[in-house]
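This briefing is intended for a reader meeting the structure for the first time. Please consult the sequence and the model together while reading.

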Amino acid sequence: MSCLAEGADQLFAAHVLAAGGVLEAILPCENYASSLVTEDGRARLAELRRAAGSVVTLPYPRPSEQAFLAAGQAVVERCDHLFAVWDGRPARGMGGTADVVDYARARGCPVTVLWVDGVLRA
């Protein structure tokens, strides 16, 4: 499961597919692509959507922090174990990785945080 955000979400999804797994995409809203920063990210989103076994688009009309939070929560509610690429720092806005990890932990969902010591996020 992945929300297919630019960066770690898309990388994870691509590796799932490359390993022969089935990808379930949970998109925060209609026109989600407009929230992605780069053209490459939007192109990868389109490719991953086409390759996904299923795509769930939440009923938000446009990108918003509430939509991003709801998508992260939907991932947690559907998963058995959350793997989070996260530096342990607070979310930059509502719905960021910190919020999703907190939600998973509050629900008792196992969480594995993946981060290389010494790496700083941009």
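With which residue does Arg78 form a salt bridge? The partner of Arg78 is Glu24, and their closest N and O atoms are 3.4 Å apart. Arg78 belongs to helix 3 and Glu24 to strand 1 (residues 24-27), so this pair ties together parts that are 54 residues apart in sequence. The model discussed here is a predicted one.

**Salt bridges**
- A search of the whole structure finds 2 salt bridges.
- In the pair described above, Arg78 is partly exposed at 39% relative accessibility, and Glu24 is partly exposed at 22%.
- Arg42 forms a salt bridge with Glu39, with 3.3 Å between the closest N and O atoms.
- Arg42 and Glu39 are 3 residues apart in helix 2 (residues 39-51), so about one helical turn separates them.
- Arg42 is partly exposed, with a relative accessible area of 26%, whereas Glu39 is exposed at 53%.

**Largest pocket**
- The largest pocket holds about 1500 Å³ of space.
- Its lining comprises 45 residues, and Ala5, Glu6, Asp9, Gly96 and Thr97 lie nearest the centre.
- Helix 1 (8-18), helix 3 (65-78), strand 3 (82-85) and helix 4 (97-106) each contribute at least two residues to this lining.
- By class, the lining has 30 nonpolar, 8 polar and 7 charged residues.

**Nonpolar surface patch**
- Phe83, Val85, Val113, Leu114, Trp115, Val116 and Val119 make a nonpolar surface patch of about 590 Å².
- Strand 3 and strand 4 (111-114) are the elements that give two or more residues to this patch.
- Val116 is placed in the segment after strand 4 and is exposed, with a relative accessible area of 57%.

How values were computed: Residues numbered from 1 in each chain as written. Predicted model: local features only at pLDDT ≥ 70, side-chain atom pairs only at ≥ 80, totals over all residues. Heavy atoms only, no water. 1 Å grid on protein atoms, 1.4 Å probe; cavity = no way out; pocket = protein on both sides within 12 Å on 5 of 7 lines; lining within 4 Å. Points joined across faces, edges and corners; volume = space filled by probe spheres on them. Helix = DSSP H or I, 4+ residues; strand = E, 2+ residues; numbered from the N terminus. Nonpolar A, V, L, I, M, F, W, Y, C, P; charged D, E, K, R; others polar. Patch = residues over 30% accessible without salt bridge, like charges linked within 9 Å, V, L, I, M, F, W, Y side chains within 5 Å. Areas by Shrake-Rupley, 256 points an atom, 1.4 Å probe, with all protein chains shown as cover. Salt bridge = Lys/Arg side-chain N within 4 Å of Asp/Glu carboxyl O. Buried < 20%, exposed > 50% of the residue type's maximum accessible area, 1.4 Å probe, protein only.
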